[in-house]
Structure formats: structure tokens, C-alpha cells
Amino acid sequence: MKLPIEAYGNQILRQKCTDVSIKNDELSRLIENMWETMNYANGCGLAAPQIGETINLFIVDTKSTYEMIETADRIGYFEKDDNGITETFINAKILSFSSKKWTDYEGCLSLPGISKDVVRAWSIKIEYYDWDFKKQTRVFGGYTARVIQHEYDHTKGILYIDRINPLTKRLIEGKLKKILRKQIETKYLMKFGKQKPAHNKL
């Protein structure tokens, strides 16, 4: 089932998430719905707060990006032997960030029509539970690490625009106000404030 995505300005996007105690049928259905929602919206990641749930859960698909871009371009975005991932992250905790940084554009389904440069660690070490609720400790790099960091931020109440420089943020104020006023068009369902979900037609 496709779920409405919380729009910028909704306070749930600023809340810190709580860990999941157990995996049950309800959680499994939620994860399935998140994957359907993200794929329909052509996203590469989606966090639980974006669909109205303040739990430490997010999903990441960088495999689609890997398969879409040219082989020559993969070198700057993916590490050797990294073909991208399709992974569920439950109760994730980033254990360390690399000293190596890199800058690239980021966007967000909750902030449609906006994308800006963000500085991120090139690689991270992260501990989490996967779809089967099996504990994992893995190292990810490049674009995959970037998407994970972006979604992980969501579980901490942080948006990527919090990480851009003040001047750039001032330059996008007009676009942010348009989202707050619902003056945007998306093919996917969005939820504005306390209003009922409204479908924006292209």
C-alpha cells in the first residue's frame, strides 16, 4: 500500500525516533508499504518519520542507481565490489565516520523540487537489524554510505537542509515556503501538517 509522505514543515520530521522492540506482522507490513511507497516515488531511501512513524527504521536502495548510471561514473560514487544495496535498517546506530569527506547533491521526498550539495563522510561503520531482525555490523562507502547517512539523520530529526551552508539555505527559502503553502506538484501522495492527505497531480 502506498503511504502519504510527510511534507517539510510537519513536526514529526523533527522528532527523534525510538527503537523497535520486536519484529512482528505489523512491522513487516509497514516495511512492505515503505518499499512500495519509495519505489512509486522513485526514491533511493525512506525513513519511518516520513510516513508518520517515529520509530528507528529506514530503507535504502542504491542498487537501482548503480544499475542506472554509466560504468565510468560508478567510480566516483561506488567503491570497488559495491554494486549498491536494497536493505532495511532497524534500530540503526552509526558507530564511526571516515575522516574522508565528499560533497554531492542530495534531495528528499519530503522536500520535492529541491536538491543541494551536502558534505558527508565517504564511509561509515553501522550496526543495525535487517529485515529478518538479524543483527548486522557493516561498513559502507560512497553513494551507499551517503544515502544511509541521509536516512539515519531522519531518525534523529535532522533534514539534509540542516547541513547546507546558511547562504544556500536563504536562497531556497522561497521553495521551502511553497512546500509549506502546498504549492507543489508530485506524482506521489503527500501529507501537509494536520491536513488530510492530498494527492498532487502532475
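**Figure 1. D162 and the residues it touches.** Setting aside residues up to four places away in sequence, D162 touches R14, G157 and K169. This is a predicted model, so take the view as a prediction. Is D162 buried, partly exposed or exposed? Its relative accessibility is 34%, so D162 goes down as partly exposed. Look for V118 too: D162 and V118 are 44 residues apart in sequence, yet their C-alpha atoms lie 9.5 Å from each other in space.

**Figure 2. Helix α4, end to end.** Here we're looking at α4, which covers residues 142-154, 13 residues in total. How far apart should the ends be? Counting 1.5 Å a residue, the helix should span 18 Å, and its end C-alpha atoms are 19 Å apart, so the two figures agree. As for cover, α4 is mostly covered, with 13 of its 13 residues buried.

**Figure 3. T65 in helix α2.** T65 belongs to α2, the helix made of residues 63-68. Its relative accessibility is 15%, and because the cut-off for buried is under 20%, T65 counts as buried. Which residues does T65 meet once its neighbours within four places in sequence are left aside? The partners are F78 and Y143.

**Figure 4. Stepping back to the whole chain.** Zoomed out, the protein chain shows 6 helices and 10 strands. Its radius of gyration is 16 Å, close to the 17 Å from the globule rule for 202 residues, so the chain is as compact as a globular protein of that length. Taken along the principal axes, the C-alpha atoms fill a box of roughly 45 × 45 × 30 Å. Buried residues account for 50% of the 202. Of the contacts between residues at least 6 apart in sequence, 67% join residues at least 24 apart.

Note on methods. Residues are numbered from 1 along each chain as its sequence is written. This is a predicted model: local features need pLDDT of at least 70, side-chain atom pairs count only at pLDDT 80 or more; totals for chains, interfaces and linings use all residues. Side-chain values use heavy atoms; hydrogens and water are left out. Helices (H or I, at least four residues) and strands (E, at least two) are DSSP runs, numbered from the N terminus. The expected span of a helix is 1.5 Å times one less than its number of residues. Buried means under 20% relative accessible area, exposed over 50%, partly exposed in between (1.4 Å probe, protein chains only). The radius of gyration is taken over C-alpha atoms; the globule rule is 2.2 Å times the number of residues to the power 0.38. Contact means heavy atoms within 4.5 Å.
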